[in-house]
Every structure is written in structure tokens, then in C-alpha cells.
Amino acid sequence: MVAFSGVAVAQTANSIVVQGNRRVEADTVRSYFKGGPGGRLGPQEIDEALKSLYATGLFSDVRINHSGGRLVVSVVENPVINRVAFEGNKKAKDEQLKTEVQSKARGTLSRPTVQADVQRIIEIYHRSGRFDVRVEPKIIELPNNRVDLVFEVKEGDKTGVKDIRFVGAKAFSSGRLKDIIKTTESHWLSFLQSTDIYDPDRVEADRDLLRRFYLKHGYADVRIVSAVGEYDPAKKGFIVTFTIDEGSQYRVGTLDVVSNVQAIDPGSLRSGLKLSAGSVYNADLVEKSVERMTVEAAKRGYAFANVRPRGDRNFQTKTINLVFVLEEGTRAYIERINIRGNIRTRDYVIRREFDIGEGDAYNRALIDRAERRLKNLSFFKSVKITNEPGSAPDRIVINVDVEESATGEFSISGGFSTTDGFIAEASIVERNLMGRGQFAKASVTYGQRTRGIDLSFIEPYLLGYRMAGGIDLFAKYTTSSSYVSYDTKTIGTNLRLGFDLTEEVTLQPRYSIYRQEVTLPTQFNNCSLSNPAPGCYSDGEASLAVRKEMAAGAVLVSLVGYSLAYNTLDNNKVPTSGLYADLKQDFAGVGGDVNFVRSSFETRNYYEVLSDVVSVFKLQGGHLAGWGSKDLRMLDHFQMGPNLVRGFAPAGFGPRDLTPGATTNDSLGGTMYWGAAVEAQTPLYFLPKEIGIKLAAFADAGSVWDYKGPTTWNVTGETLTVADSKSIRSSVGMGLIWDSPLGPLRFDFAFPLTKESYDRTQVFRFSGGTKF
């Protein structure tokens with residue numbers, strides 16, 4: 001309480017008497033009284049001094065009286081905080097709360113500050129989804145005007161999102177829009193995730209995700225009017241409502257490029273256009289077109305050039321006529337790039353994502369590209385790049401503000417597949433090793449029919465260039481099963497490079513060297529056709545090709561190869577549109593014991609036929625040829641099964657050993673194969689979309705043929721009887737795909753339509769795993 005009585009007029013600072021102060025010096029109190037003309041203290045000056053003293057937070061009470069021609073200032077000092085403690089907090093650590101509150105040990109107790117601290121603590125719990133939190137401050141008085149400040153916290157339960165609604169959405173279903181945003185609805189598996197907890201910041205970010213999604217699909221006038229979260233006591237959770245004004249969908253009308261830079265022909269920039277006339281308008285492709293043309297202009301010596309897209313809407317035809325205008329641009333230079341918020345990540349990891357540096361010409365398109373690259377690193381929760389004026393009119397300071405996220409992961413995975421049986425894996429992954437932007441992984445696998453260890457390391461900027469370099473060390477042991485009669489041991493290493501040729505095309509050269517050995521259980525290798533022991537075939541006998549592989553002992557394979565990939569998918573994890581194509585070639589014989597040239601390709605095209613109904617067309621093929629004087633091994637051939645045509649067992653079709661007595665009838669593989677598959681995927685509408693279960697219907701067809709491995713063995717005098725047919729194998733089926741919090745799971749029922757009598761089928765196939 002502030003009191004002021006006995007108004008003093010024409011007093012001076014020298015006539016002030018201070019009472020009640022213990023820690024604060026009297027002169028400090030007097031310093032807040034600023035005299036007017038001639039050093040006199042009038043009512044206005046005294047009133048301002050009162051406010052200033054109270055604003056210091058040092059006093060709980062200030063009274064000013066006039067006595068005997070003097071000003072008497074009586075103060076009651078705020079207590080000193082002996083310690084700050086927290087009770088009842090289990091979900092937030094003491095250290096986290098102490099960094100947030102402004103009340104500190106050995107500081108002065110201020111009740112307004114304490115109330116502000118209560119709100120800060122509540123906000124921390126709100127961000128973690130606990131909106132039922134209660135915080136009560138307790139002040140415990142101690143001798144010598146000291147106190148203990150204790151915040152009693154009642155955390156309450158997490159408050160989830162019970163329903164997400166989209167008002168005004170007509171072009172896309174609510175299920176499709178829920179796939180775009182980060183916020184999810186609570187369901188029976190919500191304990192495995194945190195995105196179903198209401199977070200106002202996340203909801204606000206979802207607004208931008210929705211806006212960008214609509215702009216990408218032609219809705220140039222879209223507005224996300226509001227995103228509101230309201231607590232529903234009946235549901236004991238939040239209802240999040242996005243109000244959307246979609247507008248009309250536009251297509252691209254005419255496309256033109258105009259150059260106001262005399263030395264640059266506009267026709268030479270048209271190759272940078274990512275859109276075509278008649279296509280659906282796409283704001284992302286507009287940005288990429290601007291970026292590509294800007295880079296091209298910079299390469300020709302016009303570093304300040306800007307490309308400005310101009311869109312003229314035709315509301316009747318629902319088209320946008322696009323004109324990309326190249327201009328000289330304002331001459332400005334980057335004075336400094338400030339990196340802020342990176343505690344663990346090194347500065348150079350962030351700076352190398354910029355194509356421009358300090359002292360270079362400022363270009364907004366290249367700054368936007370750097371921001372997109374930084375976000376794609378997945379090292380940061382948020383990335384924001386802003387500008388401020390530099391020391392001169394033509395100088396610009398760039399500020400890069402980042403908030404780091406966790407990049408390490410320890411996981412224990414378990415799963416089952418009809419091929420490998422039960423399998424477990426423990427792995428440690430770090431995507432930003434020691435803050436250097438490097439990737440490292442170590443994993444150990446142990447299962448019924450497979451065991452192994454893998455070590456991987458990737459340097460994304462090898463020798464300072466935008467080129468990734470990686471090394472893998474691996475060892476794998478697989479045992480015989482109902483699909484193959486033999487065991488294999490493989491140990492080796494891969495060296496690989498990777499770089500982008502364009503935004504869609506990547507090239508990965510590689511070198512691999514590994515040692516491979518085949519072994520057989522005794523009962524599968526105890527007969528000879530020239531002199532068979534009595535009853536030796538009763539326990540089975542492996543194929544001649546397999547036994548010859550075992551007799552050869554360990555084989556060293558040394559090869560060089562490459563992968564060339566083209567990717568326009570809209571989402572690498574859950575694609576709904578776009579094309580992915582991959583060409584691989586390996587040339588074995590760079591040393592080692594094996595010579596071959598192996599080529600394969602795969603393409604996948606995704607197209608959304610109807611809302612939430614995605615079609616997938618897959619085409620693949622391969623060819624293998626030996627060279628030099630060395631024969632092809634059986635293990636080098638293509639072994640095909642459900643990876644080509646579902647409904648068949650692993651290594652279930654293709655060339656097979658049908659030699660009488662070779663009771664295992666091993667698959668030999670082929671040197672050529674092709675396959676085609678059509679699949680339609682759609683969510684199960686009677687289940688919540690967040691559960692992530694999709695129904696799939698598919699049809700597969702393919703073939704593998706032309707075995708060129710050994711067919712005779714002079715040591716035993718045996719001859720191999722090979723069934724080798726180019727006939728088409730085909731199947732149809734249904735499947736369930738579950739992108740569960742426990743990991744990806746897939747259940748397929750497939751029924752072969754065409755097959756050979758010696759093929760092996762497998763109607764049901766299951767695969768999946770989990771991390772915990």
C-alpha cells in the first residue's frame with residue numbers, strides 16, 4: 001500500500017529522512033526524488049518518486065509524510081527469498097521450472113512477480129497438454145526478513161484433442177486434411193504419441209500447413225479464416241475447428257517469361273519453368289520456378305537479379321495467366337549472417353545450407369531456398385530467417401533463428417514375417433552427430449532365421465562439397481527354412497557417394513566388397529548319384545547347384561555400381577501423387593571371384609483417383625549377365641517371390657531344380673525378370689483416420705526365367721534337371737496396411753491365378769515391427 005500525506009511543497013532532496021530501511025541505503029531511496037526548478041520537490045515530483053520506488057520491487061509499502069519541515073519516507077522492505085522450491089511436479093523437472101520463473105533465491109520477493117511466475121508455470125503445463133493444472137504459491141516466513149517461496153503444483157491429467165473439424169472444406173475430405181496437419185485426435189493408442197495433446201502453437205502451425213496444401217492444389221484464393229480450440233467438459237477434451245474459405249480451383253492459363261535485363265534472353269529461362277499450361281496451379285512449383293530462374297541469372301553474372309511472378313486471374317475460366325518478370329533488382333550486399341539458438345549444432349552446419357555468404361549479393365530466392373533446406377534437415381523444431389538493415393543503406397544483416405530438437409534415437413524393434421520368422425533389432429541412431437550434421441547408426445539383429453550387425457556413417461558434405469559420402473560395415477547370417485535348404489554367411493562393406501543432379505534426380509555411385517559362404521545341414525549333402533548310400537535320400541538332398549556353391553567355399557565379391565533415382569512424390573512416407581523411378585546397375589569383377597553385370601529398375605506412380613482413394617502402379621524388371629571366363633553362381637541370380645507377385649512364397653517361382661532325388665527342389669533363380677502391380681488404397685471409413693489403417697486391393701503379374709548357373713558337376717557325375725519357364729504368374733488379393741504407432745504392419749491375402757505346377761504359393765503374408 002502506498003500512502004502520501006501532508007503534502008510537502010518546496011522541499012529539497014537534502015531534507016528527506018528515510019526510515020525503515022535495512023538493506024537499501026538511504027541515499028538510494030533519496031535518488032528517486034528528482035527535484036524540479038531550483039531543486040525544489042513539488043507534489044508532482046513526489047508522486048513520481050512514489051511510483052518509482054514502488055516499481056523497484058524492493059518495497060512492500062512506501063509512505064511519505066511531512067514533519068517539521070522535512071519529508072519523512074517510511075519504507076517496508078520486501079523479504080529476501082531464501083530458496084525457491086516446487087512440490088507436486090512430476091511431469092516437469094525442477095530445473096525446467098527454475099529457468100522459467102523470475103523469482104530467484106537471494107532475490108527480493110515481489111508478489112506481482114510471483115503471480116507472473118504462476119502463469120509461466122501454468123503455460124509450461126499447457127504446452128504439454130495439461131490444461132487442468134493448478135499452481136498455488138506458498139510463502140514461508142523465516143527470521144531476519146527472509147522467506148521460502150514454494151510453488152505447489154497439482155498437475156492434473158493430459159487434455160487431449162477429442163475432435164478435429166473443418167468448416168467450409170468441400171474439395172477435400174476431413175480425413176485427407178487430417179493427414180496434412182500435425183495435430184491428431186485421441187484414440188485408444190494415444191498413449192504412444194503426443195500429437196493428440198492440445199497445443200495452441202501446433203494448431204497455429206497447422207493453419208500454415210493447410211494453407212500451403214490448398215495453394216499447392218490450385219486454390220489460389222484460399223483463406224484459413226480461424227483455428228480455434230474449445231474445451232468441451234462433456235468430452236473432457238478440446239474440439240479444434242478450422243474454418244476454411246477455399247475459393248475456386250485454378251489452372252494455369254498462359255505462361256510467359258519477360259526479361260528486363262537486356263543481356264538475358266527470356267527464352268533461355270523457360271527451361272526453369274516447373275509448370276505447364278493447363279496444369280493445376282501449384283504455388284510450390286511457382287516458388288521453385290522463381291528459384292531456378294534466379295540461380296540461372298546469377299550464373300550469368302547478374303547476382304542482383306530478381307524474378308517476380310505475376311498472376312492474372314480469369315474468374316470466368318478459372319485460370320491464372322502467369323508471367324515471370326526478370327529484373328535487375330536493388331543492389332544490396334549481405335553484411336553479416338547471425339546464427340542464433342543453436343546450442344549443439346555447429347554454425348558451419350547451418351551456414352553451408354546457404355548458396356550465398358557474407359559479402360555476396362543479397363537474393364531473396366536463395367534465402368528462401370536455404371530456409372527450406374534447413375527445415376528439411378530435421379535438426380530443428382523451428383527455423384526462421386529475418387532481415388534487418390545493415391551499417392549502410394546497401395547492407396543487409398540476415399538473422400537465422402533456430403530451435404533445436406532431439407536428433408538421437410535408441411530403439412528396440414521386434415517383429416514377425418512369414419519369411420524371416422520372429423526377429424528383434426536394437427539400434428542407436430544419431431542424425432546430427434556431435435552437432436556436425438553427420439549420420440551414424442549401429443544396429444544388431446537377432447531372429448529365428450537371420451542374425452546380423454550393421455554399422456553406418458554418412459558425411460553429408462564430403463570434402464566441403466554438397467555431396468554425401470557414406471560407409472557401411474555389415475555381417476549377416478541366415479539359416480535354412482522351408483523356402484531355402486542352405487545357410488549363408490555374408491560379411492563386407494559398402495562405400496558410397498550421393499549428390500543431387502537436379503531437385504528430382506539423385507545419383508549414388510558405390511563400391512561393395514563382401515565375402516559370402518554357403519553351408520548345408522549334413523542330411524542335405526550326404527548322397528552321390530554315382531554311388532548313393534542306402535537310404536541317403538530319405539532325409540532329403542539339396543540341389544546340385546547349392547552343393548556346388550558349398551564346395552567352392554567362401555567367395556569374394558567385389559563390385560562397383562550406381563543408383564539413379566527420379567522422385568516427384570508429394571510425400572516420401574505416405575505418397576498420394578507423383579512418380580518414383582530407380583535404376584540400379586552393378587558391375588562385379590573389380591577383383592574378387594565373381595564376374596557379372598546386373599541391372600534392375602523400378603517405377604511407382606501414385607495418383608489420387610477419388611478423395612482418399614490412391615492408386616499405385618508399379619513396374620519393375622531386371623537382367624543379369626556374366627562376363628569373362630567365370631560362371632554365374634546360383635546366388636547371383638534373381639530370386640523372386642512375393643516381392644514380385646504376391647501369393648507366392650519367397651523364392652516361390654522361377655527356375656527350379658526338379659532333379660529326381662533332390663528332394664528340397666531348391667529355387668535356382670533367373671537372369672531376367674519383370675513385374676507389374678496395380679493397387680488401390682483407401683482408409684477404412686468406419687474407423688478413426690488417426691488409427692492409420694488402410695484397405696488395399698491389388699493385382700500382380702510377373703515372371704522370372706533363364707537360369708544360367710551350373711547344370712553339371714564332373715566331380716559327382718550329376719546333371720541338373722531344371723524347370724525354367726517364361727510363363728506369367730499372376731494373382732489378386734486384399735490387404736490391410738497399418739501405419740501404427742508400433743511400427744508399419746501389413747497383412748496380405750493373395751490368390752494365384754496363373755502358376756506352374758512346381759511353384760510354391762503362400763496365400764497369407766504378414767510383416768511388421770515395432771519400436772519402444
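**A friendly note on this predicted model**

1. Let's start with the overall form. The protein chain has a radius of gyration of 36 Å, whereas a compact globule of 772 residues would have one near 28 Å. Please keep in mind that this is a predicted model. Along its principal axes, the C-alpha trace spans about 135 × 70 × 55 Å.

2. Next, the make-up of the chain. You can look for 10 helices and 36 strands in the protein chain. Of the contacts with a separation of 6 or more, 60% join residues 24 or more positions apart.

3. How much of the chain is buried? Buried residues make up 44% of the 772 residues. The chain exposes about 38,400 Å², and carbon and sulfur atoms supply 54% of that area.

4. Now find the largest nonpolar core, which has 43 residues; Phe242, Leu322 and Phe324 touch the most other members. The elements that give two or more residues to this core are the strands β8 (161-167), β9 (223-232), β10 (237-245), β11 (251-259) and β13 (319-327), together with the helices α6 (200-216) and α7 (283-299). A second, separate core has 22 residues, including Val295, Ala370, Ile398 and Val400. As background, nonpolar side chains tend to be buried together in soluble globular proteins.

5. Which residues is Phe242 in contact with, leaving aside its neighbours within four places in sequence? Among them are Ile164, Phe166, Val167, Ile181, Val203 and Leu210. The list also includes Arg165, Asp206, Arg207 and Ser226.

6. Just after α4, Gly129 takes a positive phi of about 90°.

7. Finally, turn to Glu549, which lies in helix α10 (residues 544-551). Is Glu549 buried or exposed? Glu549 counts as buried because its relative accessibility is 8%, and the cut-off for buried is under 20%. A polar atom of the Glu549 side chain lies 2.6 Å from the backbone nitrogen of Met634. Not counting residues up to four places away in sequence, Glu549 touches Val518, Arg633, Met634 and Leu635.

Conventions. Residues numbered from 1 in each chain as written. Predicted model: local features only at pLDDT ≥ 70, side-chain atom pairs only at ≥ 80, totals over all residues. Heavy atoms only, no water. Helix = DSSP H or I, 4+ residues; strand = E, 2+ residues; numbered from the N terminus. Core = buried A, V, L, I, M, F, W, Y, C linked by side-chain atoms within 4.5 Å. Buried < 20%, exposed > 50% of the residue type's maximum accessible area, 1.4 Å probe, protein only. Contact = heavy atoms within 4.5 Å. Rg over C-alpha atoms; globule rule 2.2 N^0.38 Å. Areas by Shrake-Rupley, 256 points an atom, 1.4 Å probe, with all protein chains shown as cover. Polar contact = N/O pair within 3.5 Å; in protein donor to acceptor, adjacent residues only side chain to side chain.
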